[in-house]
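Please look through the sequence and the model shown below. The report that accompanies them is arranged by topic.

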Amino acid sequence: MEAVRRLGSEKPVVIFSKSNCCISHAIKMLLSSFGANPTVYELDQHPKGKEIENALLALGCHPSVPAVFIGKLFVGGSDEVMSLNVQGKLKPLLIKANAIWM
């Protein structure tokens, strides 16, 4: 689990995803629409993908992908990211994390 937290804190926005997951794709597009350039780890293509996926499940991310870190903090999955967006809190969070500039 420590490896996941370390990877999640290396860049302003980190997404753990699977290349064939349409919800992960939607979250990547949402964050990119704000101008963020997320670091994406495709678990189905990563050599330690299964271990990372198990750690994400242990963190409480059900389903395991997408799992989003913003500003070194685990935000959650698609529901949490979409909720932040609807509440108008996603953009300020991205600005605070220096993922976008306004």
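## Basis

This is a predicted model, in which local features need pLDDT of at least 70 and side-chain atom pairs count only at pLDDT 80 or more, while totals for chains, interfaces and linings use all residues. Residues are numbered from 1 along each chain as its sequence is written, and side-chain values use heavy atoms, with hydrogens and water left out.

Helices (H or I, at least four residues) and strands (E, at least two) are DSSP runs, numbered from the N terminus. Buried means under 20% relative accessible area, exposed means over 50%, and partly exposed lies in between (1.4 Å probe, protein chains only).

## The sheet

Four strands form an open sheet with mixed pairing, in the order β2-β1-β3-β4. Strands β2 (39-42) and β4 are the edges, each pairing on one side only. Two strands pair if DSSP finds at least two bridges between them. From one strand to the next the twist averages 20°. Such angles run from 0 to 180 degrees between N-to-C directions, with axes taken as lines fitted to C-alpha atoms, for helices over the stretch in contact.

Strand β1 (residues 13-17) pairs with β2 in the parallel sense, over four bridges. Ser17 stands opposite Glu42 in β2.

## Helix α2

Helix α2 (residues 22-33) lies across β1, β2 and β3, and runs at about 165° to β1. The 12 residues of α2 should span 16 Å at 1.5 Å a residue, and its end C-alpha atoms are 16 Å apart, which agrees. The expected span is 1.5 Å times one less than the number of residues in the helix.

The buried residues in α2 are Ser24, Ile27, Lys28, Leu30 and Leu31. Seen down the axis of α2, these buried residues fall within an arc of 160°, so they line one face of the helix. The arc is that of the directions from the helix axis to the C-beta atoms. An α-helix has 3.6 residues a turn, so residues three or four places apart point the same way. The buried residues of α2 pack against β1, β2, β3, α4 (78-86) and α5, where contact means heavy atoms within 4.5 Å. On the face turned away from the buried side, α2 carries the exposed residues Cys22 and Ser33. Just after α2, Gly35 has a positive phi of about 100°.

## Helix α3

In α3 (49-59), the buried residues are Gly49, Ile52, Glu53, Ala55, Leu56 and Leu59. Around the axis they cover an arc of only 160°, which puts them on the same side of α3. What covers these residues includes α1 (2-8), β1, β3 and β4.

The exposed residues Lys50, Glu51 and Ala58 are on the face of α3 turned away from its buried side. Gly60 follows α3, and its phi is positive, near 105°.

## Cysteines

How many disulfides are there by the distance rule? The count comes to zero, a disulfide being a pair of cysteine sulfur atoms within 2.5 Å. For Cys21, the nearest cysteine sulfur is that of Cys22, 5.7 Å away, and Cys21 is in no disulfide. Cys22 is in no disulfide either, with the sulfur of Cys21 nearest at 5.7 Å.

Cys21 is buried, with a relative accessible area of 18%, whereas Cys22 is exposed, with a relative accessible area of 58%.

## Cis peptide bonds and positive phi

Where are the cis peptide bonds? One runs from His62 to Pro63, with omega near -5°, and another from Val65 to Pro66, also with omega near -5°. Pro63 is placed in the loop between α3 and β3 (67-70), and Pro66 is found in the loop between α3 and β3 as well.

Lys72, a residue other than glycine, has a positive phi near 70°. Lys72 sits in the loop between β3 and β4 (73-76) and counts as exposed at 58% relative accessibility. Asn98, also a residue other than glycine, has a positive phi near 60°. Asn98 is found in the segment after α5 (90-96) and is partly exposed, with a relative accessible area of 49%.
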